[in-house]
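This briefing goes through one structure by topic. Please look over the sequence and the coordinates before reading on.

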Amino acid sequence: MKEAMNLPNQLILLPLLAVVVVNLPLGLRWAAMLGGVFFSIYQMWTMVFLPPLETGFFDLQIDGLSRVLLLSIGLVAFVSILAARGTIRDKRERFYFYNLVLLAMVGMNGLVMVRDLFSLYVFIEITSVASFILIALRRELDGLEGAFKYLIMSAVATAMMLSAVALLLLATGETSFAKVAEQMRLGGSGLPVLAAGLFVAGLLIKAGSVPFHGWLPDAYMAAPNAASILLGGIVTKTTGVYALIRLMQDGMFGTGMSPVLLLAGAVSIVAGALAALGQRDFKRMLAYSSISQVGYIVLSLGTGTALGVVGAVFHLFNHAVFKSLLFVNATAVEDRAGTRDMNQLGGLAARMPVTGFASVVALLSTAGVPPLAGFWSKLVIIVALYKSGHPVYAAVAVLASLLTLAYFLSMQRRVFFGKLREGLEGVKEAGWYVLVPTLALTLITMGVGVLIPWMFGSFVLPMEKF
Amino acid sequence: MNGEFSSLVPFFGFFAILLFVIGLYCVVMSRNFIRVLIGLEILTKGVTLLIIAAGYLTGKVALAQTLAITLIVLEVVVVAVAAGIVIAVYRRNNSLDVTQLRKLKG
């Protein structure tokens with residue numbers, strides 16, 4: 001019995017239990033938010049302090065990579081739940097939101113701990129289904145359209161991944177990561193190469209990398225604000241990018257996929273940044289920025305070296321922090337000013353000083369300005385690219401940072417700086433439910449950057465030891 | 001890799017790819033929501049066939065059956081959510097035409 005509740009199992013079973021209990025007719029609906037907040041804090045706490053060693057059901061394991069991801073999942077879920085409390089006015093909708101976030105956490109926590117191709121698919125599907133409903137939660141036409149596009153793309157991606165699983169089963173007779181990788185090392189061509197190609201294409205669709213990014217801006221933009229935080233911060237990063245990192249790390253595909261990943265990453269970085277430059281909608285711009293940042297992670301992964309993987313995971317963590325922060329800022333702005341159209345906003349820094357400052361910190365971190373967190377992860381990525389003999393891609397990564405800075409500064413000028421627009425005089429700073437996550441994420445962004453000498457040895461490098 | 005194995009791979013492969021292509025064509029070309037969902041189903045059926053065939057050919061029938069049943073259950077969940085979205089769209093738009101769902105751009 002004691003073994004049944006070890007840490008990996010707790011991370012799956014506790015949120016599931018919370019959802020079941022608050023939905024029983026016991027009058028406990030009010031407890032949904034508390035359950036979500038306590039569980040996400042508990043998850044962060046255990047990930048920071050406990051050495052993860054145990055094995056749960058279905059061979060669930062926590063290693064360095066899972067630990068970073070579990071920490072990010074806890075953080076983003078915490079932020080998203082608080083933001084939902086502050087911005088979703090309808091009580092029923094809010095209750096559904098908490099339940100769906102908890103279910104998405106079940107999926108994501110499982111996803112980062114599994115060691116088997118088919119369980120990976122099951123947990124990806126749990127996460128995706130929860131996010132489809134989150135996007136469509138308000139039942140407005142925009143949300144429904146975003147959710148339907150995501151659903152179709154995701155279903156096609158799933159079909160491709162499952163075909164790959166079937167082909168790997170045919171070639172090796174196994175589905176666990178370790179055994180498939182072992183069989184793949186023994187040699188093999190034709191079938192396994194096809195399987196690797198299908199799998200990578202499916203995961204790139206899920207991650208929203210160019211050229212499969214069509215659904216992503218629509219889904220992020222149309223979702224309720226609090227759901228955008230969860231989606232942009234962590235959902236697509238775990239379902240797509242993390243799975244890619246894990247499979248590459250376990251040597252499932254060999255090195256044959258490296259050129260594809262390098263190209264997809266570089267194109268995503270540039271195309272995402274260029275598209276972000278032309279946006280009027282705050283959240284749509286953030287979505288394109290997300291595509292661009294996912295490009296960095298994929299590019300880093302494409303090097304195929306240990307340092308590249310460290311850079312990818314570190315950037316994934318930083319991205320979860322600063323992109324959630326930017327989405328929280330967008331939430332605060334829309335909640336108070338009533339619009340996301342950047343051409344109708346202006347001068348909000350005077351009325352919302354905390355949000356304006358947090359936005360500056362987040363954008364500088366995204367663009368990679370020292371000493372903020374984003375600078376260090378981009379540095380690792382660029383060094384990894386240069387060392388593995390890809391100076392051209394390294395140059396693309398450096399130059400695209402300028403584009404990032406350009407579109408974010410344009411956003412900052414149009415939304416927060418300059419003269420206050422007419423009609424916005426009555427805007428007040430966002431409420432505490434939005435400010436607490438804003439401050440927490442700002443502190444983490446600055447803290448990780450400033451404390452990097454300590455972080456690098458204790459937090460970043462151990463990710464390499466799998 | 002015995003004789004039966006190599007002769008059956010193209011056989012199963014052909015039908016799996018056929019189902020896959022029909023499903024994909026249906027998803028991409030249909031203008032009706034319900035047809036898109038049916039296309040998704042056909043697509044997934046191709047994959048299910050592939051998994052079962054892989055299990056049969058490698059002698060891991062039990063594993064493949066488990067995978068196929070789990071797959072069917074999850075697919076039903078996805079299609080149920082999709083049908084929910086389609087019903088909500090129909091209530092707003094009074095039409096099942098996919099091309100009317102083109103508001104988000106940029």
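In which helix of chain B is confidence lowest, and in which is it highest? The model is predicted, and within chain B the lowest confidence is in helix H1 (residues 3–29), with a mean of 83, while H3(B) has the highest, at 93.

**Confidence**

- The average pLDDT of chain B is 87, and 91% of its residues score at least 70.
- Where pLDDT is low, predicted coordinates should not be read in detail.

**Cavity**

- One cavity of 30 Å³ or more is present in the structure.
- The largest cavity holds about 140 Å³ of space.
- It is lined by 13 residues, of which A:Glu125, A:Ala155, B:Thr44, B:Glu75 and B:Val78 are the closest to its centre.
- Both chains supply elements that give two or more residues to this lining: H5 and H6 of chain A, and helix H2 (33–58) and helix H3 (61–93) of chain B.
- Sorted by class, the lining of the largest cavity comprises eight nonpolar, two polar and three charged residues.

**Second largest pocket**

- The volume of the second largest pocket is about 440 Å³.
- Its lining has 19 residues, and those closest to the centre are A:Lys149, A:Ile152, B:Val27, B:Val98 and B:Arg102.
- Two or more lining residues each come from H6 of chain A and from H1 and H2 of chain B.
- H6(A) gives the largest share of this lining, six residues.
- Twelve residues of the lining of the second largest pocket are nonpolar, three are polar and four are charged.

- A:Tyr121 belongs to helix H5 of chain A, and its relative accessibility of 4% is under the 20% cut-off, so A:Tyr121 counts as buried.
- The contacts of A:Tyr121 reach into both chains: leaving out residues up to four places away in sequence, A:Tyr121 touches A:Thr158, A:Leu162, B:Leu71 and B:Leu74.
- Between the C-alpha atoms of A:Tyr121 and A:Val360 the separation is 38 Å, and the two residues are 239 residues apart along the chain.
- A:Ser163 sits in helix H6 of chain A and is buried, at a relative accessible area of 4%.
- Apart from residues up to four places away in sequence, A:Ser163 is in contact with A:Leu198, B:Phe20, B:Val47 and B:Leu50.
- A:Met105 is part of helix H4 (residues 91–113) of chain A, where it is buried with a relative accessible area of 0%.
- With residues up to four places away in sequence not counted, A:Met105 touches A:Phe39, A:Ser40, A:Gln43, A:Ile73, A:Gly74 and A:Ala77.

**Helix H7 of chain A**

- Which residues of helix H7 (residues 177–185) of chain A are buried? They are A:Phe177, A:Val180, A:Ala181 and A:Met184.
- Viewed down the axis of H7(A), these buried residues fall within an arc of 100 degrees, so they line one face of the helix.
- The cover over the buried residues of H7(A) includes helix H5 (117–135), helix H6 (141–172), helix H8 (191–207) and helix H10 (225–249) of chain A.

**Backbone features**

- A cis peptide bond runs from A:Val210 to A:Pro211, with omega near 5 degrees, and A:Pro211 is in the loop between H8 and helix H9 (215–222) of chain A.
- The bond joining A:Pro370 and A:Pro371 is also a cis peptide bond, with omega about 5 degrees; A:Pro371 occupies the loop between helix H15 (353–367) and helix H16 (373–387) of chain A.
- A:Arg139, a residue other than glycine, has a positive phi, near 60 degrees, and lies in the loop between H5 and H6 of chain A.
- B:Asn94 is not a glycine either, yet has a positive phi of about 55 degrees.
- The segment after H3 of chain B contains B:Asn94, which is exposed with a relative accessible area of 61%.

Key. Residues are numbered from 1 along each chain as its sequence is written. Chains are lettered from A and ligands numbered from 1 in the order in which they are written. This is a predicted model: local features need pLDDT of at least 70, side-chain atom pairs count only at pLDDT 80 or more; totals for chains, interfaces and linings use all residues. Side-chain values use heavy atoms; hydrogens and water are left out. Buried means under 20% relative accessible area, exposed over 50%, partly exposed in between (1.4 Å probe, protein chains only). The arc is that of the directions from the helix axis to the C-beta atoms. Contact means heavy atoms within 4.5 Å. On a 1 Å grid over the protein atoms alone, a cavity is a set of points where a 1.4 Å probe fits but cannot get out, and a pocket is an open set with protein on both sides within 12 Å along at least five of seven lines; lining residues have an atom within 4 Å of a point. Grid points are joined across faces, edges and corners, and a volume is the space filled by probe spheres set on the points. Ala, Val, Leu, Ile, Met, Phe, Trp, Tyr, Cys and Pro count as nonpolar, Asp, Glu, Lys and Arg as charged, and the others, Gly among them, as polar. pLDDT is the predictor's confidence in each residue, from 0 to 100.
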